[in-house]
Amino acid sequence: MTFTTNSVTVIGSGFMGNQIALHCAAHGKSVWMHDTQEEAIRHSAEETMPGFLDRMIADGSAASDDRQSILDRVRRTTDLRSAVSDSVLVIEAVREDLDAKRELFGELDRLCPAETILATNSSSIRASRIESATARPERVLNTHFVQPIWRHPFVELMRGHATSDATLQAVRAFMASIQVIPVVVRKESTGFIFNRMWRALKKEALRVVDQGIAGVEDVDRTWMIQMETPMGPLGLMDIIGLDVVRDIELVYHEESGDPSDLPPKILLDKIARGHLGEKTGQGFYSYPNPAWKEPEFLKPASP
Ligand SMILES: NC(=O)c1ccc[n+]([C@@H]2O[C@H](COP(=O)([O-])OP(=O)(O)OC[C@H]3O[C@@H](n4cnc5c(N)ncnc54)[C@H](O)[C@@H]3O)[C@@H](O)[C@H]2O)c1
């Protein structure tokens, strides 16, 4: 089995699945994408993936001459069996729900060839909580990408209880073949490396707003100016998706039992109103032109 393999399957045709599939296609892989929802498949083909690719091209991460050939390398289906029957590596990027992921991994175990490696892009669920849904725990691991992948081409690799050295090495080789830097998490840790740090910032930014200490824009301004970043924590949560943020916080809470880890009211209220961030046009900011992207955002207001 070689992991300079030319093919990969991505399950879940949402925000991250599209980026993972696109990045693989942009580095010459043929990609199968699967989603249970016809609408997600259609949206991926017509809007999400071409949109991400145009951003990659604008950023100089892909050549405009290659645009069509990159898109042509991605095939899509709602039939899971067709997507995985020849697959060597499957990367799962469905919603952040343990039961949903376990059910899917059980299904993948039945449908994939025996040697297929099954990876999850979960932000907060360890492979060790999913692996027992399969009969191949030595071939299950976390591969955690961050968005936008073409600008942040690194991935956190984390073993479950039984992930073999061969699996880890094979996935490292695959990541190198798509120009993604693998970072190995040595001990299982909810949140890997980056998200452990991001979690502290996210939780505190939400609490500062929830407790009425400061407004959304001032929280982001403070961070952006001090850290010289192009966006603040609340703007970033809008891009990630507020429902995704909530689901991740619930996983941390389930693990810790600490009431302060529960998603705060301000987040739940937004979600209840259908304000999920950039993807719905409204979150902490309004899209497509959120205030934090305006040049005036970091300038002193005129008196
Ligand atoms: N959003 C982020 O910035 C980010 C970053 C890193 C990792 N992640 C992780 O990636 C995963 C996906 O997150 P997302 O933001 O792309 O979610 P999303 O909601 O944008 O997309 C999920 C997609 O999965 C599909 N789906 C749900 N159940 C399915 C199933 N059983 N089989 C096939 N398709 C199914 C949905 O129809 C949807 O299209 C989550 O585990 C999340 O924690 C997210």
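The centres of domain 1 and domain 2, taken over C-alpha atoms, are 26 Å apart. The model is a predicted one, in which local features need pLDDT of at least 70 and side-chain atom pairs count only at pLDDT 80 or more, while totals for chains, interfaces and linings use all residues. Residue numbers start from 1 along each chain as its sequence is written.

Domain 1 covers 7-185 and domain 2 covers 196-292, with bounds that come from an automatic or database domain assignment. Where they touch, domain 1 supplies 7 residues and domain 2 supplies 6 residues; two residues are in contact if their C-beta atoms, placed from the backbone, lie within 7 Å. The domain 1 side of this contact holds 2 nonpolar, 2 polar and 3 charged residues. In this scheme Ala, Val, Leu, Ile, Met, Phe, Trp, Tyr, Cys and Pro count as nonpolar, Asp, Glu, Lys and Arg as charged, and the others, Gly among them, as polar.

Helices (H or I, at least four residues) and strands (E, at least two) are DSSP runs, numbered from the N terminus.

Two helix pairs come next. Packed helices are described by the angle between their axes and the distance between the axes. Axes here are lines fitted to C-alpha atoms, for helices over the stretch in contact, and angles run from 0 to 180 degrees between N-to-C directions. Helix 7 (residues 194-210) and helix 11 cross at roughly 85°, and their axes come within 8 Å. Helix 7 is therefore roughly perpendicular to helix 11, the term used for angles of 65 to 115 degrees (under 35 is roughly parallel, over 145 roughly antiparallel and the rest oblique). L206, V209 and D210 of helix 7 meet K265, I266 and L267 of helix 11, a contact with 4 nonpolar, no polar and 2 charged residues.

Helix 8 (residues 216-227) and helix 9 (residues 233-240) pack at about 105°, with axes 7 Å apart, and so are roughly perpendicular to each other. V216, V219, D220 and W223 of helix 8 make the contact with P233, L234 and G235 of helix 9. The loop between helix 8 and helix 9 holds E228, whose phi is near 55°, a positive value in a residue other than glycine. E228 counts as exposed because it has 7 C-beta neighbours inside 10 Å; the cut-offs are 12 or fewer for exposed, 20 or more for buried, and partly exposed in between, with C-beta atoms placed from the backbone.

The segment after helix 11 (265-272) contains Y285, which is buried, with 22 other C-beta atoms within 10 Å. Leaving aside neighbours within four places in sequence, Y285 is in contact with G235, D238, P290, A291 and W292.
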